Amino acid sequence: MIFFNFLKYMLFLFIIKPFIYLVLGVNVSGAGNLPKVDKSPSIIVANHNSHIDTLLLMSLFNCSQILKIHPVAAADYFCNTKFKRFVFTKLLGIIPISRKVRKATEEELFKDINEKLRAGETIIIYPEGTRGESNELSKFKSGVAHIARMNPDIPVIPCYINGPDKILPKGEILWVPFIADVYVSEPVYYDNTSTKEFTEKIRSIVEFLKLEHKKKEEL
Amino acid sequence: MEHFIITENVKFMLFGLYGFLFVLMGVLKFLQFKKKNVDNWLIRVRSFIFIVVIFTVAFCTNKICAFALITLLSYLALKEFFSLTPTRKTDRRVLLWAYWSIPVQFYIIYINWATLFYLFIPLYVFLLISMRMVTIGNTDGFLKSIATIQWGLMTSVYALGYIALILAIPFKYNPIGGSLGLLFFILLITVANDFMQMFSGKMFGKHKIIPKVSPNKTWEGFIGGVIGTTILSMLIAPVLTPFTLLQSAFCGSVLAIAGFFGDVTMSAVKRDMGVKDTSSLIPGHGGILDRFDSLIFTAPLFFHYFAYINSIVITRGH
């Protein structure tokens, strides 16, 4: 485990971070809202248009903090071969989750995620469930709300990412460099309403951040 | 490995610059100690010292390092420009071609093929980009799109390429400073001009010069900058360049005016796109395009003025 953590650290320090910051470039607004990942767990929520999203969000943190961050990713996409499973779970630290609805209890379905959160680690989750069309925020799935309900004292941090849909859109293999923007909102906590309302609340925050970006563009 | 000759005069000016920055930092620290609000200035000067150190290290190491730095600079500038302006989704591949023109152009300058450099971006890349865009076939906003891409290339790649071309000036034309001395001169004059225009604008600024583009720019700032830059040019040109006093005064004033227009041109683009800074890469300064916008206008002018005075033709084999 230590060996893989070392590899992950080196991977981010020497390859992914220089790539994200120098080759692409990031503007962060609301950087003060970024959680202190090494001290306490949190749930980072963002819109999803490209594979870059995950690398971008992780690169916002220090390399030692990155070890504590686990993106939640679709098992059917990232773990369909043994090699992919090995690379993504060991080197990027993803938590594979099945997208197919099974008959299982909630506790069972979110077992891996809850374990990580209770161990003080942070997760990144994309409630859209898949990479959507660029510039469109599709319907949020309620998984985040369920996780937040089970861990009411862990903050949920909604983010809006702009740019990766131009850098590497879904279905493309050619990268084109652009500067990406990340908007980080203040943390919210599960408020004992219903999972449906909480999902709506998170979506409206991401929508608000998106409008903020649009306003900046159309000034 | 090819090195640049660093003459005694260049060393002298470098020490002078570092001494000046050291004193400036000391003064700011003292003001901060006196509870004056100089945090912004501290961030700015710190970033500036960082840039100066990177430049010194790269240019004093060897030619490859120097060219790598200018290439990187040009890439960052072009990336900022493309991120700033709206681009069509179908143009992704065209943009990739535009990016690839950067290493090619700097390789052309590296091998001293100046005649090809003069035509590469303005003619060949211009034709290639049109060709690539036509093969994609999206005609909605075709002309606007192609003009935007070409404008980005002309400013961020072609004009900044002159920084590298100045390095290709043979040593014999400037025995007291070499090509490094000329580059040092133009960088110093451009940055000092930006600073002096801002400074005298803050001190005496009253009458707006182009309020629609840049409301903070004033006639007083502009004139103060031109006078200050001319004087500075007359002071440092004898150390770094072979100019006579009259030539350095003329050069200084022309560069000051050009620098001003570089600044406001980029301001106009930023205003058009509704942003304040092109990116947040350099703390306190904004992006590469914010910092090097004046250089886009001054570097080609300086090169051609110097070439005119000395009747220089740069060809392969020098």
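**Figure 1. The helices and strands of chain A.** In this predicted model, chain A is built from 10 helices and seven strands. Its C-alpha trace spans about 45 × 45 × 35 Å along the principal axes. How does the radius of gyration of chain A fit that of a compact globule? A compact globule of 219 residues would have a value near 17 Å, and chain A has 17 Å, so the two agree. Buried residues account for 39% of the 219 residues in this chain. Take the contacts in chain A between residues at least 6 apart in sequence: 75% of them join residues at least 24 apart.

Figure 2. Is E7(A), residues 180-184, enclosed or open? Five of its five residues are buried, so the strand is largely enclosed by the rest of the structure. Strand E1 (residues 26-29) of chain A pairs with E7(A) in the parallel sense, over four bridges. Within E7(A), Val182(A) is the residue that Val28(A) stands opposite. Strand E6 (residues 156-162) of chain A also pairs with E7(A) over four bridges, here in the antiparallel sense. For Cys159(A), the bridge partner in E7(A) is Val184(A).

**Figure 3. Strand E5 of chain A and its parallel partners.** Strand E5 of chain A covers residues 122-125. Thr122(A) and Ile124(A) point one way from it, Ile123(A) and Ile125(A) point the other way, and all are buried. Which strands run parallel to E5(A)? One of them is E2 (residues 43-46) of chain A, joined to E5(A) by three bridges. Val45(A) has Ile125(A) as its bridge partner in E5(A). Another is E3 (residues 69-74) of chain A, which is likewise joined to E5(A) by three bridges. Here Ile69(A) stands opposite Thr122(A).

**Figure 4. Ile43(A) and the largest nonpolar core.** This core has 131 residues. Ile43(A), Val45(A), Cys159(A), Leu160(B), Ile166(B) and Ala299(B) are those with the most contacts inside it. Which helix gives the most to this core? Helix H6 (residues 142-167) of chain B does, with 12 residues. Now zoom in on Ile43(A). Leaving out residues up to four places away in sequence, Ile43(A) touches Ile123(A), Ile125(A), Val144(A), Ile147(A), Ala148(A), Ile154(A), Val156(A) and Ile157(A).

Figure 5. Met58(A) belongs to helix H2 (residues 52-59) of chain A. Why does Met58(A) count as buried? There are 25 other C-beta atoms within 10 Å of its own, and a residue is buried if that number is 20 or more. With neighbours within four places in sequence set aside, Met58(A) is in contact with Ile66(A) and Ile69(A). From C-alpha to C-alpha, Met58(A) is 9.6 Å from Leu92(A), a residue 34 places away in sequence.

**Figure 6. The side of chain A that touches chain B.** How many residues does the contact take from each chain? It takes 11 residues from chain A and 13 residues from chain B. On the side of chain A, these residues divide into six nonpolar, two polar and three charged.

Figure 7. H7(B) has 27 residues, 178-204, which at 1.5 Å a residue should span 39 Å. Its end C-alpha atoms are 38 Å apart, which agrees. This helix is mostly covered, with 19 of its 27 residues buried. In the loop between H6 and H7 of chain B you will find Tyr173(B), which counts as partly exposed because it has 17 C-beta neighbours inside 10 Å. Apart from residues up to four places away in sequence, Tyr173(B) touches Asn310(B) and Ile312(B). Tyr173(B) and Asn310(B) are 137 residues apart along the chain, yet 7.1 Å separates their C-alpha atoms.

**Figure 8. Two loop residues of chain B with a positive phi.** Most residues other than glycine have a negative phi. Lys35(B), which is not a glycine, has a positive phi of about 65°. Lys35(B) sits in the loop between helix H1 (8-33) and helix H2 (39-61) of chain B, and counts as exposed because it has 7 C-beta neighbours inside 10 Å. Asn112(B) also has a positive phi, near 60°. Its place is the loop between helix H4 (92-110) and helix H5 (114-136) of chain B. Having 17 C-beta neighbours inside 10 Å, Asn112(B) counts as partly exposed.

Technical notes: Residues are numbered from 1 along each chain as its sequence is written. Chains are lettered from A and ligands numbered from 1 in the order in which they are written. This is a predicted model: local features need pLDDT of at least 70, side-chain atom pairs count only at pLDDT 80 or more; totals for chains, interfaces and linings use all residues. The expected span of a helix is 1.5 Å times one less than its number of residues. A residue is buried if 20 or more other C-beta atoms lie within 10 Å of its own, exposed if 12 or fewer, and partly exposed in between; C-beta atoms are placed from the backbone. The radius of gyration is taken over C-alpha atoms; the globule rule is 2.2 Å times the number of residues to the power 0.38. Two residues are in contact if their C-beta atoms, placed from the backbone, lie within 7 Å. Ala, Val, Leu, Ile, Met, Phe, Trp, Tyr, Cys and Pro count as nonpolar, Asp, Glu, Lys and Arg as charged, and the others, Gly among them, as polar. A nonpolar core is a set of buried Ala, Val, Leu, Ile, Met, Phe, Trp, Tyr and Cys residues joined through C-beta atoms within 7 Å. Two strands pair if DSSP finds at least two bridges between them.
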